[in-house]
Amino acid sequence: MNTKILFNTVLLFLFCIIKTNAQEVLTIEDAMKIALENNFEIKIAKNNSKISETNVTVGNAGMLPTATASITDNNGITNSSQTRQDGTSTSLNNAKNNNLNYGVSLGWTVFDGMKMFARLDQLKELQRLGDSELKRTILMKIGQVNSAYYDLVQQQHQLSALDTTIVISKQRLTLAQNRFSIGKASKLEVLNAQVDLNSDQVALLRQKESYANAKILLNQYLARDAKINFTVTDLVKVDDKLVLADLIDLAQKQNPGLESQVINKRIAELQLKQIKADRYPVVNLTSGYNFTESQSSLGFTSSASSKGFNYGFNATLNVFDGFNQHRNEKVAKLEIENSQIAIDQQNMILNTQLSTAFQTYLTNLELIGLEEDNQAIAKQNLDITLDKFRIGTITTLDFRTAQLNYVNAKVRYSNAQYEAKLSEIALKELAGNINF
């Protein structure tokens with residue numbers, strides 16, 4: 001009999017090891033790395049940034065010449081007749097005519113009021129805007145991954161708390177059954193213990209469901225199969241050294257939203273330069289080499305051909321366009337003014353968000369300490385109550401109250417850590433300073 005029990009114990013131990021090893025232990029660093037590689041929105045933002053980078057060329061700015069090759073071959077079959085001045089005439093049916101032209105032309109804008117240089121600078125600013133948008137997307141998605149990850153940690157703590165209370169509830173039920181069997185307790189005490197145990201088991205099932213759904217959500221952020229199973233670490237380490245003044249300084253330099261507004265103003269200024277360039281003449285150099293050949297079955301000339309090189313220049317100047325130039329410049333200046341207003345607005349919003357989030361962060365840090373003390377007190381109270389319940393000097397209601405107080409204290413402590421971590425993540429995201 002002892003051998004059989006030992007054999008079953010070994011099998012159970014091996015099963016637990018296999019089950020544990022089957023689950024990946026996902027760290028927050030691994031989660032962020034996977035998100036950076038797999039997340040769909042980050043991939044799209046990366047490609048958009050590459051598009052902006054690819055567009056930064058002197059050719060796209062209009063600084064390089066353009067060369068065009070062309071060929072035209074026209075053929076015809078006609079019935080023709082001709083009457084000359086001396087009265088003679090001639091005619092030909094199915095007369096074949098052919099006209100062939102081909103050549104290469106070259107055009108180069110050598111001066112356009114410096115518009116091409118402003119255009120090149122604008123393309124560079126658009127590249128910076130794409131990089132800023134990529135950074136904003138990465139910060140947002142990494143923030144979501146962090147929030148989802150630590151939500152799992154918190155829910156894992158709640159599962160542990162519910163596991164603990166079920167163990168205690170089972171002990172209570174066993175004690176009640178033993179006391180009932182020897183006549184020291186009523187059937188009501190046993191039934192109450194069974195009802196409370198059932199309630200705890202229902203709560204555990206609900207929590208397991210919530211935990212499983214939170215895993216699916218994190219897998220979605222990581223852009224991987226929703227069925228992938230894993231566990232997370234139990235540690236929630238909150239950075240309690242954040243300083244509001246430092247965060248505001250970082251946000252002024254690194255916040256992608258504010259950075260985008262500054263870049264948009266620079267783009268508007270360069271747009272004004274391009275519009276002002278229309279006040280100046282545009283000078284183009286032209287050149288080309290052409291070959292022409294024609295053949296006719298009827299007429300004084302049966303065939304002709306020419307070839308040669310041509311070159312020259314042209315210049316155009318906008319003398320009057322119905323005051324559109326003045327209107328366009330006025331609109332561009334208003335766009336610059338709007339860009340500055342947007343920067344000021346973004347600054348105010350950013351400082352407000354940082355100040356509010358920092359106050360929440362300080363409150364949550366204090367709550368961590370208070371809830372940690374409450375948990376220790378609730379645990380001590382539960383231990384004392386459990387001892388008293390075993391010897392029958394306390395009612396089942398008082399025992400249940402102490403039990404629930406302990407579970408609630410553990411949950412509140414876990415929630416306090418989670419909320420503090422969320423505050424830390426929000427502050428670092430606003431400052432553009434999440435480590436990844």
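What radius of gyration does the protein have, and what would a compact globule of 436 residues have? The protein has 40 Å, whereas a compact globule of 436 residues would have a value near 22 Å; the radius of gyration is taken over C-alpha atoms, and the globule rule is 2.2 Å times the number of residues to the power 0.38.

Before selecting anything, keep in mind that this is a predicted model, in which local features need pLDDT of at least 70 and side-chain atom pairs count only at pLDDT 80 or more, while totals for chains, interfaces and linings use all residues. Residues are numbered from 1 along each chain as its sequence is written, and side-chain values use heavy atoms, with hydrogens and water left out.

**The whole chain**

Of the contacts with a separation of 6 or more, 81% join residues 24 or more positions apart, where contact means heavy atoms within 4.5 Å.

**The two domains**

Next, colour residues 23-62, 113-280 and 323-431 as domain 1, and residues 66-111 and 282-316 as domain 2; the bounds come from an automatic or database domain assignment. The C-alpha centres of domain 1 and domain 2 lie 72 Å apart.

**Asn314**

Select strand S6, residues 303-316, and pick out Asn314 within this strand. Asn314 has a relative accessible area of 31% and is therefore partly exposed, on a scale where buried means under 20%, exposed over 50% and partly exposed in between (1.4 Å probe, protein chains only). Leaving aside residues up to four places away in sequence, Asn314 touches Val282, Val283, Asn284 and Thr286.

**Thr396**

Move on to helix H9, residues 396-430, where Thr396 is found. Thr396 counts as buried because its relative accessibility is 19%, and across the protein buried residues make up 34% of the 436 residues. With residues up to four places away in sequence again not counted, the residues that Thr396 touches are Arg172, Glu189 and Phe389.

How values were computed:
Helices (H or I, at least four residues) and strands (E, at least two) are DSSP runs, numbered from the N terminus.
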